[in-house]
Each structure stands twice: as C-alpha cells, then as structure tokens.
Amino acid sequence: MTYTCFEIILLQAKDPLAVQPHLKKCFENIDKIQFEDDLAMTAMVSGEGEVVPFTQPLMPRGGVENWMNEVLEEMKRTVSSQIVAACAAYKEPERSQWVLAWPGASLIAGSSIFWALNVEKALRTKGNKGIAAYFEVVHGQLLQLTEIVTGRISKLQRKSLGALITIDVHQRDVTGNMRDS
C-alpha cells in the first residue's frame with residue numbers, strides 16, 4: 001500500500017518530530033522545522049540550510065492536521081514579515097551589505113520590488129532618459145553582485161546571490177529593452 005505524505009504524517013501523529021523527514025514533500029524547499037527541547041517550533045530550515053526564525057513559536061497541540069496548518073500559516077506570516085523588514089532595510093548605497101543580511105526569498109522579493117518602483121519612478125520623472133540612466137544603475141548593481149559573489153562569502157550566501165544575479169540579469173535586460181524601444 002502506498003501512502004501520501006499527509007497520510008504518513010497522520011500515522012505518526014503522536015510524535016511531532018516524526019514529521020521531519022516528510023516536510024520537504026509537503027512544503028517547497030522546507031527541509032525541517034527547528035524544534036526546541038520543549039517541542040516548541042521556532043524556525044523553518046530550507047534545503048540549503050538557511051534558518052528563518054518564526055515570528056512566534058508554535059506548540060504542536062491537538063491533531064497533527066491542526067498544528068501543521070498552524071505551521072503553514074506561520075510560514076506565510078514569517079516570509080511576509082521578512083520581506084517587509086528587508087524592504088524597510090533596503091538602501092541603494094548599501095545594497096552590497098543588504099544582500100548579505102537577508103534570506104534568499106527576501107532578497108529576491110525586496111530587490112524586485114525596488115527595481116519595479118525605480119523603473120516606474122524613472123519613467124514618470126524623466127521618461128526614456130530616466131530609463132537609460134536607471135539601466136546604468138541596474139548594470140552597476142549587477143557588477144557589484146558579481147564582485148561580491150567572487151569574494152569570501154558563505155556557501156549559502158553564494159547560492160542566494162546566484163539566484164539574485166539571475167533575477168538582476170533579467171531586470172537589466174528588461175530595463176535595456178525598455179531603453180531601446
């Protein structure tokens with residue numbers, strides 16, 4: 001008999017730690033949940049080992065289906081909170097430090113938000129000349145990222161920056177296409 005991920009978790013409902021091996025089947029890129037000695041769930045850990053603390057700890061109380069739904073809602077709250085905090089901390093001149101200080105998803109979301117805002121501002125204030133000037137900024141940011149990624153950074157930071165570079169290349173190309181059309 002073949003069981004689904006959720007059925008396996010239900011079969012092991014008595015032991016919250018027993019769900020760990022099945023989390024990556026239930027949640028995209030979540031390798032495990034960080035449990036404390038009292039079984040409080042305090043963070044999610046990605047497949048790359050990136051630890052993102054929950055906004056508030058959770059206790060596995062009641063049926064597994066209930067507390068796993070609470071975990072899902074806390075994951076959403078935490079990611080949203082991280083993106084808002086990363087955006088609040090974003091400063092153009094210090095982007096080189098900013099990209100090393102936030103989880104990968106926050107980097108990509110925050111950077112994309114600011115790219116879109118800056119493209120819109122360039123278009124509204126200076127039209128095509130503004131886009132041409134902003135292209136140079138985007139290109140400079142991309143060069144700065146490639147310099148950072150070739151320096152002394154952790155394996156996790158290198159992976160996150162690799163993903164961000166892919167997004168930045170696309171944004172540079174879109175900005176260039178806007179400038180040229």
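**Cavity, pockets and helix packing**

The lining of the largest cavity comprises four nonpolar, three polar and two charged residues. This description refers to a predicted model. One cavity of 30 Å³ or more is present in the structure, and the largest cavity holds about 40 Å³ of space. Its lining is formed by Tyr-90, Arg-95, Ser-111, Trp-115, Tyr-134, Val-138, Gln-141, Asp-168 and Gln-171. Helix H5 (104–149) and helix H6 (155–180) are the elements that each give two or more residues to this lining. The largest share comes from H5, with five residues.

Helix H5 also packs against helix H3. In general, two packed helices are described by the angle between their axes and the distance between the axes. The axes of H3 (residues 64–89) and H5 come within 9 Å and cross at roughly 50°. The two helices are therefore oblique to each other, and their crossing is right-handed. On the H3 side, the contact is made by Gln-82, Ile-83, Ala-86 and Cys-87, which meet Ser-106, Ala-109, Gly-110, Ile-113 and Phe-114 of H5. Six nonpolar and three polar residues make up this contact, and no charged residue takes part in it.

Two open sites were also examined. The largest pocket contains about 430 Å³ of space. It is lined by 23 residues, of which Asn-29, Ser-46, Glu-50, Gly-104 and Ala-105 are the closest to its centre. Strand E2 (41–46), H3, H5 and H6 are the elements that give two or more residues to the lining. By class, the residues of this lining divide into 13 nonpolar, six polar and four charged.

The second largest pocket holds about 160 Å³ of space. Asn-118, Lys-121, Ala-122, Thr-125, Lys-126, Gly-130, Ala-133, Tyr-134 and Val-137 line this pocket. Its lining residues fall into four nonpolar, three polar and two charged. Tyr-134 is listed in the lining of the second largest pocket and also in that of the largest cavity.

Definitions and conventions
Residues are numbered from 1 along each chain as its sequence is written. This is a predicted model: local features need pLDDT of at least 70, side-chain atom pairs count only at pLDDT 80 or more; totals for chains, interfaces and linings use all residues. Side-chain values use heavy atoms; hydrogens and water are left out. On a 1 Å grid over the protein atoms alone, a cavity is a set of points where a 1.4 Å probe fits but cannot get out, and a pocket is an open set with protein on both sides within 12 Å along at least five of seven lines; lining residues have an atom within 4 Å of a point. Grid points are joined across faces, edges and corners, and a volume is the space filled by probe spheres set on the points. Helices (H or I, at least four residues) and strands (E, at least two) are DSSP runs, numbered from the N terminus. Ala, Val, Leu, Ile, Met, Phe, Trp, Tyr, Cys and Pro count as nonpolar, Asp, Glu, Lys and Arg as charged, and the others, Gly among them, as polar. Axes are lines fitted to C-alpha atoms, for helices over the stretch in contact, and angles run from 0 to 180 degrees between N-to-C directions. Angles under 35 degrees count as roughly parallel, over 145 as roughly antiparallel, 65 to 115 as roughly perpendicular and the rest as oblique. A crossing is left-handed if the near helix is turned anticlockwise from the far one by less than a right angle, and right-handed if clockwise. Contact means heavy atoms within 4.5 Å.
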